[in-house]
Amino acid sequence: SGQDMVSILQLVQNLMHGEEEEEASQAYRLQNVGEQGHMALLGHSLAAYISVLDRERLRKLTTRILSDTTLWLCRLFRYENGSAYYHEDDREGLLKICRLVIHTRYEDYTIEGFNVLYTKQPVIYISSAARTGLGQALCNQLGLPLSCMCRVPCNTMFGSQHQMDVALLDRVIKDDVESGKLPLLLVANAGTPGAGHTDKLGRLKELCEQYNMWLHVEGVNLATLALGYVSSSVLAATKCDSMTLTLGSWLGLPAVPAVTLYRHEDPSLSLAAGLTSSQPVEKLRALPLWLSLQYLGHDGIVERIKHASQLSQRLLENLKNLDFIKTSVEDELSSPVVVFKFFWEYSNRDQTSHAAQASTIQHPIISNERHIYDTFNQWLGEQLAQLVPASGVDVVELEDEGTCVRFSPLMTSAVLGTEIQDVDQLVDCLKMKIPVLTSTLQLREEFEQEVRRTVGLLYIEDLSWPGLGVVRYNYHSDGKNDDKQEKELEKINMELLKKLNELESDLTFSLGPEFGGQKNCVYIGMVTEDLDVSELVETIAATGREIEENSRLLENMTEVVRKGIQEAQLQLQKANEERLLEEGLLRQIPVVGSVLNWFSPFQASPKGRTFNLTAGSLESTESTYVSKAQGTGTTPPPTPTSSLAKQRLPGQKIFKRSLRSSDAFSETSSVSHCDDLEKMDQRPPTLSPGQEQGPLETDPPEEQKKVAQATKTDTEDIQSDKSPPDCMKVEEQESQR
């Protein structure tokens, strides 16, 4: 029977925001849709209404909208005499351009189809720094084999390592021409997807004219064509045959199409390639963009792009003043995309070792350095994105630099509303994270050595873990099978992790990543420079041994109790049999036994059994009935105290080394120790056995009391520090004194 509009809209709202409270409570960030966003969204609704107009009125309206939008974009981005194709998928424009070039270079393609391509195979050239899967997507949509796609390597010796190697491309094209292939199209980048570098578009255009190839350019740096000052490398894109613009992300406009600007003289081939359409409804794709461009105006568009460029420049200037940060930008003066990473050069390590006098750790030469830096930069990027979500930073994998952090405000600032203070906050967070990264990298080697030297601990090398390291407590099995040993190992390490998390420390202990981590291990997170690695490792080993001993004690006690119960049952059964023999058979009959017991009572002492957990033996309960109280038995041994307790300063947490305050602490300790020595000298001399201590004539009674009190206090201090035999000697001397 259908549903009313209110129910349908309520269903849409529930699908968007979630029906459960748990989903609604999760913090998620929606795009801030301002008035310009509402104009873009309004365009989709208006397009649906306009499509129901009469055919002639619809044709005039769509022609006006399409011509206006194309003219504005060509003037805005300095692309003269161009046509425009509006598409939802940003790869669709390049696909239509490829079909246009095939129709242009193969005159009989419309009639003979793939047979023309078979006689002379076309070749499409793309950079190795292009978007992942772009070449394969083009071949699949065009029906071409992957051999028609040629990936051109980037520079290795000279120039940027993210730019296409022009000399190598020239040699590859010559080889293809000599082998009977047809160079068709070259896809260049004005801002690579990873690092944001621009290819040498001027030289590439000359190369394309030489071999009669089509040059297509795409990338985020094309947005700077709208600014007053444009770098020469990007300005060369205005001479290319086609370019793709993604205005939605640049201007923060939701649901607006991407635009491919191109130059071609034959409208029939454009129609055959799908770049133009005879259907008026297809032309309404430009309506959301037509409304948004009029709302923003030329000044508003330029201001948004200029603001994004200023954000990247602000971050780049601050990164130049930071140590241990390496940037990868194409132009130091103007770079719309900033890529940086944490990197600790060996020269910096030597300088830091001289500056940090309190640390005695030698800076190691890190093995597997590339993997470790990738892991640390992955953690750094995730932390910055979490702490400053408005910055829009993300993590990117580059072929040469490895894992880096990327800041591309042209793609994110308009959507997230990034401001200058967000960039400053990003720099402040980066300054806080750099000491943590350097300290952790510095102490990793020492932690590994300490763990390998400690009995009972096993060091697990996990290069994908961003932290101090991974350790496992080894369980000493006594002939147990593998399954039981694995369960005991898991139980001990889980209990060890629980005990370590209960300590009042600044360290993070966990089970590691959810996927791909080692089992039955303790993962230690990032640390600071004042970490006492030896104390940390010693605490882990001691806690593991304590857990293992408790586990063994529990197992032994369980076995002893089980055997004790069995033995008690046997002894009680034997006692019952003896009682039957002593009492006789008549006393067991219910009525006769009562009468017999009344005439001749039978005196029998109750014999029970008690199990001593300390001694692990069965004992009789006769003493309990005699004394009317249960005996305590053997006194259990005292619980051993840990020897890891160190003297700490007020407020100093566990596993922390005192850095600047260590000198003051040592001076205070020495002064207090001298005072104790002076008190010791003022005590009366120790008498030999047999002598008696009498009052000193030179000391008044008040002084004698003070000396006695000081002697008692010093004796208690000695007893707490000495071993048991020394304490007995001191007590004997004091009693004689």
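## Sheet, packed helices and a surface patch

M16 is exposed, with a relative accessible area of 59% (exposed means over 50%, with a 1.4 Å probe and protein chains only). This is a predicted model, in which local features need pLDDT of at least 70 and side-chain atom pairs count only at pLDDT 80 or more, while totals for chains, interfaces and linings use all residues. Residues are numbered from 1 along each chain as its sequence is written, and side-chain values use heavy atoms, without hydrogens and water.

M16 belongs to helix α1 (residues 5–17); helices are DSSP runs of H or I with at least four residues, strands are runs of E with at least two, and both are numbered from the N terminus. Together with I8 and V12, M16 forms a nonpolar surface patch of about 280 Å² accessible area. Areas come from the Shrake-Rupley method with a 1.4 Å probe.

Seven strands form an open sheet of mixed pairing in the order β1-β7-β6-β5-β4-β2-β3; pairing requires at least two DSSP bridges. At the edges, β1 (83–87) and β3 (149–152) each pair on one side only. Strands β6 (residues 242–245) and β7 (residues 258–262) run antiparallel and are joined by four bridges, with L245 opposite V259 of β7.

Angles run from 0 to 180 degrees between N-to-C directions of axes fitted to C-alpha atoms, for helices over the stretch in contact.

| Helix | Lies across | Angle |
|---|---|---|
| α4 (residues 55–76) | β1 and β7 | about 110 degrees to β1 |
| α9 (residues 166–178) | β2 (122–127), β3 and β4 (182–189) | about 170 degrees to β2 |

Note on methods. Contact means heavy atoms within 4.5 Å. Patches are made of residues with over 30% relative accessible area and no salt bridge: like charges are joined within 9 Å, nonpolar side chains (Val, Leu, Ile, Met, Phe, Trp, Tyr) within 5 Å. A salt bridge is a side-chain nitrogen of Lys or Arg within 4 Å of a carboxyl oxygen of Asp or Glu. Buried means under 20% relative accessible area, exposed over 50%, partly exposed in between (1.4 Å probe, protein chains only).
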